[in-house]
Every structure is written in C-alpha cells, then in structure tokens.
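The structure is shown first.

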Amino acid sequence: MFKKILIANRGEIALRIIRTCKEMGVKTVAVYSTADRDSLHVRFADEAVCIGPPASKDSYLSIPNIISAAELTNADAIHPGYGFLSENAKFSAICHDYGIKFIGATAEQINGMGDKASAKETMKIAGVPTIPGSEGLLTDVKEGIKISNEIGYPVILKATAGGGGRGMRIVWNDEEFEPAWDSARQESSAAFGNDGLYLEKYVEDPRHIEIQVVGDQYGKVCHLSERDCSIQRRHQKLVEESPSPFMTPELRTRMGEAAIKGAQAVNYEGAGTVEFLVDKHRNFYFMEMNTRIQVEHPVTEEVINFDLIKEQIKVAAGIPISGKNYIPEMHAIECRINAEDPFNNFRPSPGLITHFHSPGGHGVRVDTHVYAGYQIPPNYDSMIAKLICVAQTREEAISTMERSLSEFVIEGVKTTIPFHLRLMRDPNFRAGNFTTKFMESFDLTE
C-alpha cells in the first residue's frame, strides 16, 4: 500500500480523498493555489504545498509544479480527482516516468477513450451498441450531408476532443449543415485546440444513464450499477440519482454487460464510467467513457454501501477486485449546490459566505469544502457542495432531500438551493417523467 498520496485537486473532492486516505492509514499532501490557501483540504491534509497563483493553468493544470510538489514531499502516488488533470494522458505518463503511481487510468487507456471518434469505434468492435453516424472524423461538409441523408435527420455534430457540450451542434436539415459545421469547428478549436468533428444520429428526448465500472490490473472488470443524470442544463449535470426510475432489471443487466465489455476492450484499470443515451423504447447507445472518478460517485456509494475512492487506491496498489457486480439496495439522489443564481441564467456568484448551516439527520450526506467565512474564488467551477440523500424508496429519498434542502443555509452568495427545492416539488420529477430536455421547459422565474 502507498505511504503518501498527493491529491492533485481542490475543493470537496480533495477533502473527500483525504478522508479515505486517513481511514486507510495513508499520509496525504494537499496542493493549492494562492486563492485556496484557506480551503479545508489544505487544513486537513498532513502536508500542503502551494503550487502557484489562482489561474488554473499556473497551478492545478501545471504538471511541472505538481510533480515538483510530489518529489518535494516524497509522495509515492498522485490522485487527480476529477476535472483538471484527471483525464490527461500526458500527466499519467509523466507520473509513470517519475516512478509515481497515477491513481487512475493509464495514458493508453485515457487516449483510447479521450478521442470520442476512436472510442466509439472501439466500443463498436467490442459489441457495445453505438449510435449510427460517421466512421471516424468527417472530412468536409459534403461528406457530412451525405451521411446525414443516409441515416436521417436530425443529426448532431460533436467535437472529437469535446466535453461539457462545447463543439456540439444539432442539425435538422441540409440547409443548416454548413453554418453548424463552421460554428462547431470554430468553438472546438478554441476550446480544445482540435477542430475535428464527427457526426451521429441525434436521439431525441433521451435519458442520460451511466454505468459505474471498476477494473483491476489483472483484466477483471465489474459494474456497480447505474446513475441517471438526465436532469442537466446545457449538458451540465444538476441532479443525479440511483437507481434510475426508468430502469428495469433486464435493461440493467444488458447495460451492465455492455459497460463491462467496453472497459475490457481497453483493459481498463481503475474506476470509470461508461455513459449511454437511452431512448424511450429503452434502446441504449454508447456516448463516452470517463476515465476518472465522477462528481456524482456518492450516489453509487450510498446505494451499495461501497467506498469508490478506497477501491481506486486499492486497485492502483495492485490489489485485485472481487469481480462482483452490484445492484442498488437503496435509493439515493444528489443535488449539486452551486454558487450561482438559478433565476438569473445560473450566473456565477462568488464571494464571502457569511453564514453556513449544513443539514443533517438520517440518510443525509454533505460533501463540501466551504464554511462560514470562506471566500469563494471566481477562478474555478462554481460547485461548492453536494447534498446526497438516501432512503429505501425514491419517494422517501425525495422527501428527505426536500427536507434537507429547506435546512441548508448558505448566506452571502446566491446558490442553486431554491432551484433544487422547486425541482423536488415538481410533479413530473416526482413521477420520474423526465429526459435530458426537462430543463428546457422548467419554470425558472423567481
């Protein structure tokens, strides 16, 4: 087992990893930018190293600074969390070169799944259902229009290096294709330094359901069931739950088997997530694989009583997994609490938290790094807490979440708590009647 792990991240996920390391008897090193010197992950780690100014490129994305911090503190492993360098193949490879274990996928696995066009081809060969579309990257508009007519509109253009909804355009007919093509390429080039696009049949009003997988260094892969992430805005997830209210035992078996096939196809090591679009007929199609821990991993942990961070560390240390597949025994819902104004186009609201009161009680978990007197910096993602509620049924989980949200007090900044309260009371949400388009018609007037 590792003696010391450096956490190459910040905020609630850094604190989450530190807690598990302490329980495992592993020393921890926090890294932080000057904007995060007062963050809780800095306070609770065994050691802390400042790695640069607030800008991510000069701190949390600076590979030389992070490697230097690891060498300075004699850390024998690095946990990247999510975001930042967690899916950076170069970082994974450099860690290997320096004899530091990267707690996550190998560079080859990250590269294999990071390019979405090649990932889709890999999954297709492995027998995982994929959405009809182009074979690899498109060469020009003419080819795109030809394929679109063959598979039928609507189609969606996607950036091969994309994420978070950037470089994506829905096209409904031939006339719209060229403007969408130009716009998507421009956005993709600016965001990722890569303007490559591929094309898929656009699945209207789908569910976004992902399967959690874990693979070890010996070729064994298991799945830990599903999470429904359909409540999202501009491709950014807002609420996640497990099990999905749309799931059936038969569909769970088929999707779980498909996810395992996909992970085995790249000899996957560590915790990862295979994401699918599921249409109204319960046909499912591979979308992408995230080669890291997910923001929403706590809902899986709560419904199967399993520490995914501990499993990541054990796998990285060469300990084999049991190979057991899991099904949910409880129902859990996670609300992302962001420092944003939900009634003003979710405008970010950084600033000083003047008062903070966390909810509690049976079945309530709060993952956060903030407190009264904490200054939310404007430099990073606006998520400041995750509220996870678990109960024996979905109805009870929603009731617990509604009660917990009403107890959650964060003053000094705007937060998404009022939005989540309204969502929990929405009849369609409570009935499980929602798709990825749900937020397009949701009332966000104050």
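## Backbone, domains and interface

In this predicted model, residue D205 lies in the loop that runs between β8 (197–201) and β9 (207–215). D205 is not a glycine, yet has a positive phi of about 45°.

| Cis peptide bond | Omega | Loop holding the proline |
|---|---|---|
| Y153 to P154 | near 0° | between α7 (141–151) and β6 (155–159) |
| S242 to P243 | near -5° | between β11 (236–242) and α9 (249–265) |

The domain assignment divides the protein chain into domain 1 (4–103), domain 2 (141–201) and domain 3 (207–440). To the contact between domain 1 and domain 3, domain 1 contributes 32 residues and domain 3 contributes 31 residues. The C-alpha centres of these two domains, domain 1 and domain 3, are 23 Å apart.

How much area do domain 1 and domain 3 bury between them? The value is about 2,400 Å², with 58% of it on carbon and sulfur atoms.

Charged and polar pairs also occur at this interface. Five salt bridges are found across the interface of domain 1 and domain 3. A salt bridge joins R16 and D307, whose closest N and O atoms are 2.8 Å apart. Between domain 1 and domain 3 there are 13 residue pairs in polar contact, with both residues at pLDDT 80 or more.

On the side of domain 1 that touches domain 3, α1 (11–24) and α2 (40–44) are the elements that give two or more residues. Of the elements, α1 gives the most to this side of domain 1, with 10 residues. Sorted by class, the side of domain 1 that touches domain 3 holds 13 nonpolar, 10 polar and nine charged residues.

The sheet is described next. Five strands make up an open sheet in the order β3-β2-β1-β4-β5, and the pairing is parallel. Its edge strands, β3 (47–52) and β5 (101–102), each pair on one side only. Within the sheet, β1 (residues 4–7) pairs with β4 (residues 77–79) in the parallel sense over three bridges. I5 stands opposite A77 in β4.

Conventions
Residues numbered from 1 in each chain as written. Predicted model: local features only at pLDDT ≥ 70, side-chain atom pairs only at ≥ 80, totals over all residues. Heavy atoms only, no water. Domains from an automatic or database assignment. Contact = heavy atoms within 4.5 Å. Buried area = accessible area lost by both parts, 1.4 Å probe. Salt bridge = Lys/Arg side-chain N within 4 Å of Asp/Glu carboxyl O. Polar contact = N/O pair within 3.5 Å; in protein donor to acceptor, adjacent residues only side chain to side chain. Helix = DSSP H or I, 4+ residues; strand = E, 2+ residues; numbered from the N terminus. Nonpolar A, V, L, I, M, F, W, Y, C, P; charged D, E, K, R; others polar. Pairing = 2+ DSSP bridges.
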